[in-house]
Number of protein chains: 2
Amino acid sequence: MGKQATEMLKGTLEGIVLAILSTRAAYGYEITAWLREQGFSDIAEGTIYALLVRIEQRGLVDVAKVPSEKGPPRKVYSLNAQGREYLDEFWRTWAFLAERLEQLREGSN
Amino acid sequence: MGKQATEMLKGTLEGIVLAILSTRAAYGYEITAWLREQGFSDIAEGTIYALLVRIEQRGLVDVAKVPSEKGPPRKVYSLNAQGREYLDEFWRTWAFLAERLEQLREGSN
DNA sequence: CGCAGGTATTTGGTGTTGCTAAGTACCGGT
DNA sequence: ACCGGTACTTAGCAACACCAAATACCTGCG
């Protein structure tokens with residue numbers, strides 16, 4: 001993917017991660033791997049970790065330290081009530097944006 | 001709209017403006033007004049102008065100075081070949097992102 | 001035993017972007 | 001002469017994704 005993706009991810013990546021966490025608890029390494037599988041081939045390792053720290057500081061997720069058999073302890077994140085609320089708002093904003101863009105795309109063809 | 005929109009607009013706003021310019025030439029003030037009508041209520045005046053300068057410097061648009069009856073001369077922008085190419089790539093990136101998000105939204109409900 | 005390699009997180013610095021706020025410039029009507 | 005609408009510019013700021021390097025833990029191989 002090109003550089004356009006980098007800028008477009010700003011703001012949406014956060015929603016993506018929250019959406020993932022809304023279905024199941026997960027830790028950084030796992031999320032990064034999953035995103036890569038989904039085609040976000042060039043999402044930087046560090047990006048996800050920084051994002052997770054951010055949403056933790058905002059109180060959108062709860063964290064549990066879980067020992068791993070293969071490395072240092074994992075920080076497992078799970079969405080809390082506040083995070084769920086925030087995610088709802090994310091979806092509303094996304095829906096609005098997607099609608100406008102869909103209209104524009106149709107109009108320009 | 002909330003702060004989420006601000007971050008989500010990064011990258012997409014550029015595509016939006018390019019899409020507008022792909023249907024017709026336009027100038028900054030006009031574009032801002034149109035966006036506000038479309039519900040982008042809080043897009044800052046200066047944001048659009050800065051964006052236009054950027055895409056001009058990247059060679060995505062051509063510019064013509066046209067005198068106005070009601071104020072200082074307008075800078076009318078129109079999409080050129082390179083801009084059209086860039087817009088195509090924008091749509092591809094957007095489509096990819098929208099698809100992933102749609103999947104996520106379905107999955108979490 | 002040492003050391004490479006996969007797992008897992010942290011940290012510091014960079015570039016791009018949209019926002020804020022203030023300013024400049026041109027014009028018509030009161 | 002001045003206010004308000006039109007139209008563009010500029011400087012500084014905050015947030016976010018990226019990059020690079022470092023740290024920590026464990027297994028397996030020579």
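Colleague: Is H2(B) largely enclosed by the rest of the structure or largely open?

Modeller: This is a predicted model, and burial here requires 20 or more other C-beta atoms within 10 Å of a residue's own. Nine of the twelve residues of H2(B) are buried, so the helix is largely enclosed.

Colleague: What distance does H2(B) reach from its first C-alpha to its last?

Modeller: With twelve residues, H2(B) has an expected span of 16 Å at 1.5 Å a residue.

Colleague: Which helix of chain B gives the most to the side that touches chain A?

Modeller: In the contact between the two chains, 29 residues of chain B meet 29 residues of chain A. On the chain B side, the elements giving two or more residues are H1 (3-9), H2 (12-23) and H5 (81-108). With 14 residues, the one that gives the most is H5(B).

Colleague: How are H3(B) and H4(B) oriented to each other?

Modeller: The axes of H3(B), residues 28-37, and H4(B), residues 45-57, come within 9 Å and cross at roughly 130 degrees, and the crossing is right-handed. Where the helices meet, Gly28(B), Ile31(B) and Thr32(B) of H3(B) contact Glu45(B), Ile48(B), Tyr49(B) and Leu52(B) of H4(B). Angles over 145 degrees would count as roughly antiparallel and 65 to 115 as roughly perpendicular, and H3(B) and H4(B) are therefore oblique.

Notes
Residues are numbered from 1 along each chain as its sequence is written. Chains are lettered from A and ligands numbered from 1 in the order in which they are written. This is a predicted model: local features need pLDDT of at least 70, side-chain atom pairs count only at pLDDT 80 or more; totals for chains, interfaces and linings use all residues. Two residues are in contact if their C-beta atoms, placed from the backbone, lie within 7 Å. Helices (H or I, at least four residues) and strands (E, at least two) are DSSP runs, numbered from the N terminus. Axes are lines fitted to C-alpha atoms, for helices over the stretch in contact, and angles run from 0 to 180 degrees between N-to-C directions. Angles under 35 degrees count as roughly parallel, over 145 as roughly antiparallel, 65 to 115 as roughly perpendicular and the rest as oblique. A crossing is left-handed if the near helix is turned anticlockwise from the far one by less than a right angle, and right-handed if clockwise. The expected span of a helix is 1.5 Å times one less than its number of residues.
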